[in-house]
There are 4 protein chains.
Amino acid sequence: MAPSTPRLVVPIDLKKKPWEQERPLHNRWHPDIPPVCEVRDGEFFRVEMVDWTGGSIKDDGSAIDVKGIDLSAVHYLSGPIRVVDKDGIAAKPGDLLVVEICNLGPLPGDEWGFTAIFDRENGGGFLTDHFPCASKAIWYFEGIYAYSPHIPGVRFPGLTHPGIIGTAPSMELLNIWNERERDVEENGLKSLKLCEVLHSRPLANLPSPKGCHLGKIQKDTPEWERIAGEAARTIPGRENGGNCDIKNLSRGSKIYLPVFVDGANFSTGDMHFSQGDGEISFCGAIEMSGFLELKCEIIRGGMKEYLTPMGPTPLHVNPIFEIGPVEPRFSEWLVFEGISVDEGGRQHFLDASVAYKRATLNAIDYLSKFGYSKEQMYLLLSCCPCEGRISGIVDSPNAMATIAIPTAIFDQDIRPKTDKVPLGPRVIRTPDVLKCTYDGNLPITKNLATMT
Amino acid sequence: MAPSTPRLVVPIDLKKKPWEQERPLHNRWHPDIPPVCEVRDGEFFRVEMVDWTGGSIKDDGSAIDVKGIDLSAVHYLSGPIRVVDKDGIAAKPGDLLVVEICNLGPLPGDEWGFTAIFDRENGGGFLTDHFPCASKAIWYFEGIYAYSPHIPGVRFPGLTHPGIIGTAPSMELLNIWNERERDVEENGLKSLKLCEVLHSRPLANLPSPKGCHLGKIQKDTPEWERIAGEAARTIPGRENGGNCDIKNLSRGSKIYLPVFVDGANFSTGDMHFSQGDGEISFCGAIEMSGFLELKCEIIRGGMKEYLTPMGPTPLHVNPIFEIGPVEPRFSEWLVFEGISVDEGGRQHFLDASVAYKRATLNAIDYLSKFGYSKEQMYLLLSCCPCEGRISGIVDSPNAMATIAIPTAIFDQDIRPKTDKVPLGPRVIRTPDVLKCTYDGNLPITKNLATMT
Amino acid sequence: MAPSTPRLVVPIDLKKKPWEQERPLHNRWHPDIPPVCEVRDGEFFRVEMVDWTGGSIKDDGSAIDVKGIDLSAVHYLSGPIRVVDKDGIAAKPGDLLVVEICNLGPLPGDEWGFTAIFDRENGGGFLTDHFPCASKAIWYFEGIYAYSPHIPGVRFPGLTHPGIIGTAPSMELLNIWNERERDVEENGLKSLKLCEVLHSRPLANLPSPKGCHLGKIQKDTPEWERIAGEAARTIPGRENGGNCDIKNLSRGSKIYLPVFVDGANFSTGDMHFSQGDGEISFCGAIEMSGFLELKCEIIRGGMKEYLTPMGPTPLHVNPIFEIGPVEPRFSEWLVFEGISVDEGGRQHFLDASVAYKRATLNAIDYLSKFGYSKEQMYLLLSCCPCEGRISGIVDSPNAMATIAIPTAIFDQDIRPKTDKVPLGPRVIRTPDVLKCTYDGNLPITKNLATMT
Amino acid sequence: MAPSTPRLVVPIDLKKKPWEQERPLHNRWHPDIPPVCEVRDGEFFRVEMVDWTGGSIKDDGSAIDVKGIDLSAVHYLSGPIRVVDKDGIAAKPGDLLVVEICNLGPLPGDEWGFTAIFDRENGGGFLTDHFPCASKAIWYFEGIYAYSPHIPGVRFPGLTHPGIIGTAPSMELLNIWNERERDVEENGLKSLKLCEVLHSRPLANLPSPKGCHLGKIQKDTPEWERIAGEAARTIPGRENGGNCDIKNLSRGSKIYLPVFVDGANFSTGDMHFSQGDGEISFCGAIEMSGFLELKCEIIRGGMKEYLTPMGPTPLHVNPIFEIGPVEPRFSEWLVFEGISVDEGGRQHFLDASVAYKRATLNAIDYLSKFGYSKEQMYLLLSCCPCEGRISGIVDSPNAMATIAIPTAIFDQDIRPKTDKVPLGPRVIRTPDVLKCTYDGNLPITKNLATMT
């Protein structure tokens with residue numbers, strides 16, 4: 001074996017459940033979840049992971065599994081991984097942990113993924129008021145490329161990345177999280193008048209023992225009960241990194257993470273073969289199992305040196321990262337604009353979320369002219385390497401957001417035709433997906449559910 | 001003269017005021033502002049423009065001009081330009097106007113620009129609660145590059161673009177604008193509780209005869225009075241394009257604009273030598289005078305064919321564009337994350353504006369460690385080619401935004417040092433800017449004002 | 001005038017001949033050609049230039065001007081430009097002169113260029129045994145783009161650059177040049193057996209008073225006679241830079257030139273709107289007049305520090321350069337291979353010139369299937385931004401060269417069709433060029449000459 | 001197993017010799033080497049391969065293995081692979097075979113490679129007259145990156161590719177090869193006077209039973225004897241592709257290969273983790289074992305449709321390829337020029353090989369100023385992603401070649417310093433390599449050989 005073969009520190013056996021793995025997975029953030037392995041500064045090692053749902057979604061043409069998914073149990077994370085320096089001394093709170101992603105990809109024999117629209121009753125997504133019903137597209141991989149039988153005529157190289165990478169929080173930080181998220185959960189509806197129109201989504205995801213897995217900690221023990229009652233959910237990204245869903249955290253990236261507990265105890269999961277900025281359909285990346293090949297370094301005292309003060313606390317937080325050198329290269333992009341006026345014509349004040357919503361709706365409307373259903377394009381913009389930008393955020397009252405789509409991912413020319421020839425009737429690309437999308441008011445999945 | 005020399009349709013004489021130009025400028029959107037020239041489908045032509053303030057800001061080291069600027073008179077636009085097809089028949093409502101930016105740049109002899117922080121009392125910017133005082137940096141150009149005596153150690157190639165390009169609205173569209181913006185102006189404060197903390201900025205900029213210029217229409221005539229009372233301000237981008245401030249509308253871009261009036265009557269202005277995504281300090285680009293070399297095409301009936309229905313109206317709106325092939329190329333980026341928790345620790349719900357605000361504050365805090373004041377870095381992030389992304393917009397309750405900064409614009413290595421050597425005392429790069437920024441509670445410009 | 005407006009140190013009046021200019025041009029390399037202007041280290045200045053032929057080629061559809069061109073008078077260079085440091089002390093032999101190309105482009109009002117195939121009897125080009133007759137294509141510019149009525153269906157952004165930039169040689173260096181070039185001229189045919197098949201081109205271009213222009217030195221004076229008899233021709237690139245024809249010396253490039261005489265005395269000319277690697281048709285770039293905006297720096301003693309020893313001499317020579325950040329961006333390339341077996345089937349030994357010749361012939365053959373004549377494609381590969389690579393140079397007996405063509409420059413998809421549909425009859429794109437190319441054995445230019 | 005898991009058609013067991021593999025390897029080109037497997041048009045499959053020497057070079061610090069290597073047995077190729085269409089009908093002579101490289105990389109557990117300088121007595125390389133002694137650098141991989149203990153301070157992402165991919169020749173084509181290569185071998189020295197100075201390398205590599213392996217054909221049978229006496233060596237690239245050593249044939253590339261025999265029977269091998277243009281030190285890439293994941297398509301009759309006539313034969317030949325979308329991205333390059341004047345000062349006529357030789361020597365000389373030995377830099381330029389261009393090939397008598405080196409591969413700034421500070425004494429980076437390079441006249445490997 002070559003000296004540069006990575007040491008496998010978290011193996012995954014896809015035939016086993018997440019909690020049955022040799023190094024059992026966890027799905028919460030808490031300082032007391034014990035590490036499952038230890039790596040040394042400079043060591044080259046490999047971490048495997050399940051998909052974020054732990055295998056709940058099937059490689060088939062029905063969205064019934066998406067419709068009924070239990071969100072209390074996501075995301076299954078590999079780790080925590082304890083980091084020590086070359087002398088064996090652990091990373092300390094206040095240090096900066098540098099994680100370099102040397103390589104990543106799908107697990108051999110499991111080269112497929114899924115993109116889903118969540119049902120409005122199950123949390124929905126960014127455009128849930130337009131696409132209330134569950135839907136799903138399956139993607140197959142051919143090396144660097146993905147294609148889907150459910151969205152024909154599209155093929156693109158992956159900008160593969162872990163949706164989640166983060167360090168264990170301290171109790172101090174965890175308490176801050178729980179407090180502020182409880183506040184929005186309890187008081188949110190009163191103050192968030194404007195958003196009511198837009199969203200009927202969960203305001204926060206508070207700690208809950210339901211579905212909780214804590215790695216090596218035995219279920220239903222007192223320790224488990226205590227931690228499960230306090231531990232933060234993995235849904236949102238936070239000051240420790242976490243579910244940041246940054247599509248550019250790919251091969252060659254370096255991430256600088258704050259260390260809050262002895263050993264840093266970082267975890268990772270939620271591998272995406274590809275994702276568009278915003279991951280708009282919620283389960284919007286091409287979700288898959290996979291592996292990471294990593295190297296870590298410890299910068300002693302680096303949090304104060306490099307990160308930003310959190311405010312009322314002495315903590316310095318928020319990851320920084322460098323982008324790697326092998327991102328897919330596209331030279332031609334078609335770009336759609338959105339301003340912060342909602343679909344009902346109501347003016348919002350410099351609201352980039354509303355502006356981005358309009359930009360994505362404009363793009364979906366446009367692309368559906370090329371033979372696709374809008375559900376297909378919602379799924380596609382969630383997972384293809386499109387770029388979502390905050391272009392203008394100061395010109396009251398309109399924020400301006402854009403979404404840029406690389407034209408090369410389509411097998412047809414999707415640019416407007418300046419030769420003044422009307423687009424005319426186009427080939428319909430949708431039949432293959434009828435079984436997993438919705439047609440009008442009748443959710444297809446219900447039929448499928450009945451049929452199954 | 002070569003057949004491919006562009007025809008100059010809007011000349012600018014920098015010694016004259018905007019309203020004294022041969023083809024007088026205008027600073028409002030209204031269907032009845034008459035065109036100042038006509039171009040033909042396929043013709044190659046040149047449009048010159050003043051800077052957005054019409055020459056109000058001086059090439060000096062004092063921000064007093066920024067502090068006192070009269071915002072009622074911006075932005076000065078070149079046009080309207082009427083477009084006809086090869087047979088001389090005008091573009092019609094419902095057509096799509098394709099504008100290709102073949103080239104652009106500063107006006108010969110006027111190769112400089114400015115970036116400013118607006119005073120809180122004069123409207124402020126994205127971070128006005130952190131940077132309440134007026135400030136200014138002057139930029140000089142060396143061909144494709146800009147450098148500033150006020151922000152030493154930085155030099156970068158421009159991704160030059162017009163901040164504003166848009167077609168004249170129809171009365172129908174103008175009425176929609178005025179109605180919805182009046183609504184936010186009048187009812188905004190009640191519903192926008194959360195934003196109170198963040199902003200004390202004007203909620204909208206409603207029509208006002210003060211400072212109004214309408215091109216060829218004689219001031220104080222009844223027609224002028226009528227139009228000035230109805231015409232939309234140019235501050236926000238809207239469905240006609242307008243002040244979209246999209247930094248990628250540069251050389252080689254093609255913009256597809258909706259046509260609402262006979263002849264399309266498009267106008268352009270607010271040239272930026274360079275701008276960061278968001279243009280965060282409001283007068284945040286490197287503002288300058290300049291020229292555009294353009295070609296137009298008319299796609300008959302293209303609005304319905306290619307654009308998005310506006311909703312309650314029969315209009316299809318919102319520009320689409322393609323990105324050009326000569327954007328500056330950077331391979332290394334340092335990226336900062338922000339989540340939708342504000343500086344006071346309050347949790348917001350999937351608010352990309354808050355998340356982007358935190359990302360920019362994190363970046364400013366970090367970069368100021370390299371010998372700069374925070375004002376300098378606020379100015380820099382406003383105008384350098386940084387990319388602002390909506391990375392995650394579905395993981396309740398946190399939106400995740402990122403700002404990516406090309407490391408090559410600095411003459412020092414701004415990446416975290418993994419060799420564990422503390423950054424130590426750094427060269428202070430700030431002295432040159434003291435005169436135009438604020439020091440603590442004492443606004444320097446006051447002194448400068450006194451001195452002047 | 002802004003402090004960053006470049007100072008015009010070599011103005012061009014296109015209505016005057018090269019030798020009538022205010023700062024008269026020269027077309028030879030010699031240490032005693034006096035400088036026409038002086039610039040200071042760090043100064044931002046502008047140099048204008050005529051096209052390489054000094055206006056001999058017309059913007060028309062006949063190649064008769066190409067056929068008859070007098071090559072003894074090229075290239076007309078702007079300069080020499082003397083460089084001094086901030087204290088006014090001149091650059092010295094042994095220093096390194098850094099020239100930064102801050103900007104460049106065509107001269108206003110003269111936005112067009114030409115690409116020509118030279119007649120075999122007039123020197124020919126790389127493929128002169130295949131294309132023996134003079135031909136010409138005119139290009140018009142639309143900002144960053146060029147298009148030609150003679151090669152329809154093609155449009156591309158320019159990677160504009162000066163074909164020639166170099167410092168004045170010392171007498172020592174000049175003598176070395178003259179000696180070695182005389183050797184190849186006199187003894188070349190004996191030893192160059194293999195090349196006979198390939199080329200019937202001039203082996204060298206030795207000093208000659210015919211057509212000689214020496215700037216400020218009065219013609220036919222004894223000094224002129226002496227210099228004209230010694231001065232090196234500008235055709236080949238040499239250790240001082242010179243006619244290096246490197247297409248990447250564009251905006252933002254930095255060139256490190258050796259200094260051989262007091263003041264460095266650098267000259268520049270032969271502006272190319274665009275050129276392919278190799279400039280294969282000899283007059284193969286899009287040749288034009290133009291301007292450069294430059295900055296210089298002097299690195300004292302830098303030749304020995306940074307350059308390579310020349311061998312028997314104490315000189316350190318050969319320029320180094322850095323590539324600029326705004327080269328046109330293409331993501332899709334079609335690549336053709338060539339090996340060092342000539343068209344007659346004869347095996348050559350690791351000869352990259354033969355390999356590149358075959359690669360270009362393969363590309364021309366392929367592209368001509370898309371409705372073009374081979375002359376059109378020879379002209380196109382000479383001037384479009386194609387990349388010519390030495391891919392393998394060690395695998396005896398075959399060198400392997402490749403030429404990569406960006407597919408986006410065509411308005412049709414030129415990739416092989418994998419759907420197995422034969423290409424079938426294609427639109428013929430050639431009629432427009434008949435008048436300036438050759439048809440079979442009958443050179444059209446002869447007819448044109450007769451007609452004119 | 002997911003439907004998109006590639007089918008493994010050529011497995012490699014690294015513990016076995018090339019000829020002991022389940023699908024035995026071959027090292028010659030001949031129409032009668034029988035295929036070892038069959039793939040179908042559109043199928044996604046995997047091919048594994050040994051390194052080009054079949055494991056002769058060890059992961060150690062001695063170059064003794066390089067010095068003594070038997071070149072008669074290289075390169076070991078996987079295949080031939082027979083290709084049939086969806087109906088099971090084989091590719092036919094005249095068809096075009098499209099091979100898409102969907103993915104590739106090192107074999108798990110064998111993540112290392114080597115770059116070597118061949119001894120002059122064993123064939124040498126491009127610069128063998130400057131570097132006559134065997135040398136070796138070992139490279140270890142960390143995911144996308146390679147680093148070498150023998151060339152410290154350098155790390156770069158791989159542009160991984162198979163050095164060899166080609167189809168089996170027909171007898172007609174094979175005869176042409178043998179004839180022309182015999183001609184150069186026998187008559188070369190007479191006509192190649194100029195090259196004598198440059199090279200003392202084998203002029204060709206003619207068929208030879210020594211070291212020959214023919215896959216499934218039993219050694220020393222009459223059939224083996226016949227084929228071994230006729231079969232072409234794999235050293236040079238030829239009209240069938242073969243050892244083209246094109247560094248851009250990487251992930252996402254599509255190669256269009258001519259088909260000369262029933263089934264196409266293509267073979268591949270000689271995997272390179274990375275290679276510089278020219279592969280100048282001969283064993284100059286980072287050589288390794290590896291895998292390819294491929295898809296094939298057949299374009300019926302495509303040779304005549306798309307390729308170039310070979311001349312006296314009815315064949316249409318020479319592969320075409322498209323470049324993939326995930327090449328490593330570098331924005332800053334330092335470029336060295338070379339002209340066709342050799343190191344002795346002798347002028348050559350438009351000889352791109354001489355020009356490229358000088359460019360590489362200039363680059364090696366320059367880079368060695370930064371603490372490296374010249375051997376280290378010769379090895380580095382052979383294997384790092386540097387670009388070798390034919391910049392000018394028409395300006396008699398000088399060809400102009402350039403080599404561009406991405407500056408980001410070094411951990412120090414290798415650009416010339418314009419602040420006029422002499423480089424001064426630099427850290428010496430060479431000690432680690434002393435054991436495998438040569439010091440003056442004393443080849444270190446001899447010592448090592450003695451010691452071993």
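**View 1. Helix α7 of chain D, and what gets buried there.** In α7(D), the buried residues are D:Glu375, D:Gln376, D:Met377, D:Tyr378, D:Leu379, D:Leu380, D:Leu381, D:Ser382 and D:Cys383. That's nine of the 10 residues in the helix (374-383), so to speak mostly covered. "Buried" here means 20 or more other C-beta atoms within 10 Å of a residue's own, with 12 or fewer counting as exposed, anything in between as partly exposed, and C-beta atoms placed from the backbone. Helices (H or I, at least four residues) and strands (E, at least two) are DSSP runs, numbered from the N terminus. A word on the model: it is predicted, so local features need pLDDT of at least 70 and side-chain atom pairs count only at pLDDT 80 or more, while totals for chains, interfaces and linings use all residues. Residues are numbered from 1 along each chain as its sequence is written, and chains are lettered from A and ligands numbered from 1 in the order in which they are written.

**View 2. Helix α7 of chain A and its neighbours.** Nine of the 10 residues of α7(A) are buried, among them A:Met377, A:Tyr378 and A:Leu381.

**View 3. α6 meets α7 in chain A.** The axes of α6(A) (residues 352-367) and α7(A) (residues 374-383) come within 9 Å and cross at roughly 130 degrees; axes are lines fitted to C-alpha atoms, for helices over the stretch in contact, and angles run from 0 to 180 degrees between N-to-C directions. The two helices are therefore oblique to each other: under 35 degrees would be roughly parallel, over 145 roughly antiparallel, 65 to 115 roughly perpendicular, and the rest is oblique. On the α6(A) side you'll find A:Thr360, A:Ala363, A:Ile364 and A:Leu367, meeting A:Lys374, A:Met377, A:Tyr378 and A:Leu381 of α7(A). Contact means C-beta atoms, placed from the backbone, within 7 Å. By class, the contact has six nonpolar residues, one polar and one charged; Ala, Val, Leu, Ile, Met, Phe, Trp, Tyr, Cys and Pro count as nonpolar, Asp, Glu, Lys and Arg as charged, and the others, Gly among them, as polar.

View 4. A:Ala352, A:Ser353 and A:Tyr356 make the contact with B:Ala352, B:Ser353 and B:Tyr356, giving four nonpolar residues, two polar and no charged.

View 5. Chain A puts 97 residues in contact with 97 of chain B, and helix α2 (residues 171-191) of chain A supplies the largest share of its side, seven residues. That side splits into 48 nonpolar, 25 polar and 24 charged residues. The contact of chains C and D likewise takes 97 residues from chain C and 97 from chain D, with α2 (residues 171-191) of chain C giving the most to its side, seven residues.

**View 6. Leu97 in the nonpolar core.** The largest nonpolar core has 556 residues, and A:Leu97, B:Leu97, C:Leu97 and D:Leu97 touch the most other members. Such a core is a set of buried Ala, Val, Leu, Ile, Met, Phe, Trp, Tyr and Cys residues joined through C-beta atoms within 7 Å. Leaving out residues up to four places away in sequence, D:Leu97 touches D:Val83, D:Ala91, D:Thr167, D:Leu257, D:Val259, D:Ala264, D:Phe266, D:Cys296 and D:Ile298.

Methods: Two residues are in contact if their C-beta atoms, placed from the backbone, lie within 7 Å.
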